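Dear colleague,

I am handing over the structure we spoke about, and you will find the sequence and the coordinates just below. After them I have written out what was found, grouped by region.

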Amino acid sequence: MKNAIHLVLSFFVPFLSMLAQTDQEIKFDRPATHFTQSIPLGNGRLGAMVYGNPVNERIVVNENSMWSGGVENPNREDASQHLPKIQRLLKEGKNKEAQELLQKYFVSAGQGSAYGNGANAKFGCYQIFGDLLINWKNKQEIVSDYKRTLYLDKALAVTEWKIDGVAYKEEVLTSAPQNAIIIRLSSNKAKSLHFRIALERKENAKFVSNGNTITMTGQLPGGNGDLGICFAGYAQANTAEGKVISENNGLTISGATECVIVFSAATDLNWPMVEKRGENPLPVVQKAVKSASKISWNVIKNKHITDYQSYYNRSKIQLTAKQNEAISNLSTTQRLVRFAKGESDVTLPSLYFNFGRYLLISSSRPGGLPTNLQGLWAEEYQTPWNGDYHLNINLQMNYWPAEVTNLADCHKPLIDFTKQLVKPGGKTAKAYYNSDGWVAHVIANPWKFTAPGEGASWGSTLSGGAWLCEHLWQHYLYNPDKKLLKEIYPVLKGASVFYKNILIEDPKTKWLVTAPSNSPENSYKTEDGFVGQTTMGPTMDMQIGRELFANTIAAAKLLVVDQAFADTLEQLKGLLAPNQISKKTDGVQEWIRDYDETEPTHRHISQLYGLYPFDEINAIETPLLIDAARKTLLRRGDEGTGWSRAWKINFWARLEDGDHALKVLKGLLAPVFIENGTSYIQKGAGSYANLFCAHPPFQIDGNFGGTAAIAEMILQSNGKNSVIRLLPALPTSTDWNEGNVKGLRARNGFEVNFNWADGKLKKAEIISISGNNCFVKIPFGMAVYDSNGKKVKVKSEGIDVVTFPTQKRISYYIK
């Protein structure tokens with residue numbers, strides 16, 4: 001079929017310019033032929049990927065508990081017997097022998113993740129729920145005036161086209177209030193809709209159509225020959241004047257002017273009590289679909305938008321320098337190509353920022369599972385790396401933008417997930433380390449897997465749970481509340497107990513170190529040529545340990561509990577192996593010994609955890625380490641996987657080098673595709689046509705890390721006293737010369753609105769959420785005022801930094 005596709009403009013008038021909403025719309029001029037060209041939608045639990053094909057439409061459907069596998073005991077109960085020997089060998093510098101023992105005894109008891117192919121293993125994998133297919137009858141007709149748009153401010157996908165002068169429209173949304181995916185098909189000519197609907201899944205499912213409904217039911221493998229979760233999908237086609245015929249397990253609709261398809265999906269994975277099956281999913285989805293089918297499209301859409309915007313409208317970043325008017329006529333893929341060539345696109349970074357927040361709202365809602373390696377969206381039956389929860393940066397990066405972009409409640413699935421790992425993590429701590437407290441290593445799943453992976457070279461990193469604890473503390477810092485602190489304190493304490501118990505003394509330096517461990521996924525080379533991973537006290541372990549101990553101490557002090565325990569942690573914290581500067585590279589040393597690097601440009605930059613997300617490496621307290629961190633980043637380079645680039649942007653923002661941060665951001669936005677007619681070729685790291693991050697393959701952490709990085713360039717509140725710093729890493733590019741911010745959050749409980757011009761702050765509003773003292777860096781010549789315009793009395797805390805008391809829910813102004 002030959003398609004004559006013409007772009008038709010549709011735009012809204014934004015607040016500050018007469019241009020189209022180029023920071024709110026992701027636009028396509030052709031149907032998707034690949035998953036990474038499709039439009040993602042989600043309500044936190046249900047997901048959809050809309051291809052927008054006017055001939056054979058495919059909508060990939062996801063449900064965030066669609067996991068194979070099941071509960072298991074992955075721990076080797078005899079592992080701790082071998083720990084003393086492994087630690088002794090490491091003390092003696094016999095890393096090779098220690099690593100051999102580690103691989104033999106410090107791995108999971110079963111298959112583990114089956115090396116990332118766990119669909120039929122006990123570990124399981126996240127996978128596609130199914131496809132909703134719409135096959136149009138007018139297949140031989142010429143399509144014109146095609147356009148496909150994701151409206152980020154409405155969470156609505158709209159595809160429009162014409163055939164023989166008749167206009168057709170497909171609108172898709174994923175409603176949280178209705179717990180359903182809603183598809184509205186319409187035309188401007190009466191009774192011109194003729195199509196067939198079917199549900200499809202290639203395995204473990206059966207289908208039945210009846211009347212105007214289709215039912216899909218099935219059961220996934222549970223691993224080791226067991227049966228896994230049961231699932232059900234249910235679709236209903238509603239049309240006022242068209243005819244609906246049930247045949248061949250699908251529905252044929254003819255002579256309709258409008259048709260609304262309502263679909264819902266569920267499983268009996270009973271999160272968080274996964275040890276026991278949940279309720280039968282079929283009645284659940286039938287009830288949701290029947291309920292939504294009684295409501296008009298306009299009411300459903302308005303309720304959906306109201307619910308979604310209650311999250312989305314909390315914050316925004318606008319870059320308001322003059323935009324090339326031609327941008328509003330371009331597809332997003334065309335914009336990416338232009339941007340990569342060095343051409344100006346003022347609003348593209350804002351679009352990426354908005355898309356990241358959109359993805360988090362769409363994939364992580366209170367009460368549900370956290371976002372996985374692909375967020376919510378997957379078309380595979382065996383997802384890459386099982387679509388699991390990687391705890392050595394990836395899961396954590398998914399939530400970096402949550403607090404600062406005013407989506408604290410979207411952070412709650414990760415907070416709850418961490419709490420759920422405590423009990424199984426306690427069993428793992430006892431089995432492998434004969435320790436109290438709790439631990440999680442590198443990989444996790446909804447079945448609460450906390451053991452090391454099946455490969456000790458990567459799977460024995462022991463700081464995964466402790467890193468998760470950082471998110472609990474950050475959640476508290478942004479939302480200071482004693483009730484919340486009481487809830488998270490036992491988790492912090494348990495992780496600290498484990499860390500305390502497993503520390504040993506390095507005989508060479510007398511420092512306290514973790515052992516055995518590794519620096520995530522990286523290798524070193526010793527003087528005798530051994531290439532290994534296993535070591536004592538890798539730098540990131542020590543940084544995480546200091547952070548964990550400090551946070552636990554602070555929590556205990558605020559709650560007035562466990563003073564003796566807190567005093568012990570304080571003593572131990574000072575004995576942990578410190579950050580070191582390598583004599584070989586002048587950068588921050590990655591391992592306790594100054595080993596040679598086997599891959600200087602490795603994607604993980606774990607030794608800079610102390611720079612970001614932790615903040616112990618900073619210009620005020622550790623200027624030499626700041627310089628070393630800069631040298632580390634220059635040595636690592638600006639390339640790498642998508643998520644690695646996102647991390648590097650955050651690093652450069654913390655170094656207050658906005659121009660270098662922008663340089664790496666452009667690398668993150670580099671198009672990794674070639675569109676030529678209907679062909680779509682993908683290669684390398686950067687961004688796909690739909691702005692999904694390319695690891696490659698698709699991995700969503702880079703989207704979230706990049707979103708957090710853009711916020712970090714504009715606002716920071718890290719370091720001692722969580723000093724608020726406005727525009728700390730603003731690029732000198734004229735595209736960033738002016739702009740405004742609404743609703744970003746700062747630590748200690750503040751919300752910030754401000755604008756700038758000519759690269760300088762013009763005015764800022766700081767809203768006190770909790771009534772804490774405010775620490776803020778004030779530009780020269782500006783002062784703090786109350787809401788009555790009266791200058792606030794402030795106390796100097798150093799160069800340009802002042803502090804002043806605040807009252808809850810009161811605004812203060814810098815001007």
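To begin with an open sheet, 9 strands form it in the order β1-β6-β7-β8-β9-β16-β13-β12-β11, and the pairing is antiparallel. Its edge strands, each of which pairs on one side only, are β1 (25-28) and β11 (205-210), and from one strand to the next the twist averages 15°. Please keep in mind throughout that this is a predicted model. Within this sheet, strand β7 (residues 156-163) and strand β8 (residues 166-175) are paired in the antiparallel sense over 7 bridges, and threonine 159 has glutamate 170 in β8 as its bridge partner.

Some loops deserve a separate word. Threonine 239 is placed in the loop between β13 (226-238) and β14 (243-247), where a polar atom of its side chain lies 3.2 Å from the backbone nitrogen of glycine 242. A polar atom of the threonine 239 side chain also lies 2.9 Å from the backbone oxygen of glutamate 258. If neighbours within four places in sequence are left aside, threonine 239 is in contact with Val244, Ala256, Glu258 and Cys259.

Backbone geometry comes next. Most residues other than glycine have a negative phi, and most peptide bonds are trans. Against that background, lysine 191, in the loop between β9 (180-187) and β10 (193-200), has a positive phi of about 60° although it is not a glycine. Asparagine 248, which lies in the loop between β14 and β15 (250-256), likewise has a positive phi, near 50°. As for peptide bonds, the one that joins tyrosine 612 and proline 613 is cis, with omega about 15°, and proline 613 is found in the loop between β24 (596-597) and α16. The bond from histidine 695 to proline 696 is also cis, with omega near -15°; here proline 696 sits in the loop between β28 (693-694) and α19.

Another open sheet has 6 strands in the order β17-β31-β32-β33-β38-β35, again with antiparallel pairing. The edge strands in this case are β17 (316-319) and β35 (784-785), each pairing on one side only. Strand β17 pairs with strand β31 (residues 739-746) in the antiparallel sense over 4 bridges, and lysine 316 stands opposite lysine 742 in β31. Helix α6 (residues 348-363) packs on this sheet, where it touches β17 and β31, and its direction makes about 170° with that of β17. Helix α19 (residues 701-714) packs on the sheet as well, touching β17, β31 and β32 (750-757), with its direction at about 70° to that of β17.

These two helices also meet each other. The axes of α6 and α19 come within 9 Å and cross at roughly 125°, which makes α6 oblique to α19, and the crossing is left-handed. On the α6 side the contact includes Tyr352, Phe353, Phe355 and Leu359, and among their counterparts in α19 are Phe704, Thr707 and Ile710. By class, this contact has 9 nonpolar, 6 polar and 1 charged residues.

Helix α19 has a further partner in helix α17 (residues 642-654), with which it packs at an angle of about 15°, the axes being 8 Å apart. Since angles under 35 degrees count as roughly parallel, α17 and α19 are therefore roughly parallel to each other, and their crossing is left-handed. Gly642, Trp643, Ala646 and Ile649 are among the α17 residues in this contact, while those of α19 include Gly702, Gly705, Gly706 and Met713. The residues of the contact divide into 7 nonpolar, 5 polar and 3 charged.

Terms used:
Residues are numbered from 1 along each chain as its sequence is written. This is a predicted model: local features need pLDDT of at least 70, side-chain atom pairs count only at pLDDT 80 or more; totals for chains, interfaces and linings use all residues. Side-chain values use heavy atoms; hydrogens and water are left out. Two strands pair if DSSP finds at least two bridges between them. Contact means heavy atoms within 4.5 Å. Axes are lines fitted to C-alpha atoms, for helices over the stretch in contact, and angles run from 0 to 180 degrees between N-to-C directions. Angles under 35 degrees count as roughly parallel, over 145 as roughly antiparallel, 65 to 115 as roughly perpendicular and the rest as oblique. A crossing is left-handed if the near helix is turned anticlockwise from the far one by less than a right angle, and right-handed if clockwise. Ala, Val, Leu, Ile, Met, Phe, Trp, Tyr, Cys and Pro count as nonpolar, Asp, Glu, Lys and Arg as charged, and the others, Gly among them, as polar. A polar contact is a pair of N or O atoms within 3.5 Å; within protein, one must be able to donate a hydrogen and the other to accept it, and residues adjacent in sequence count only if both atoms are side-chain atoms.
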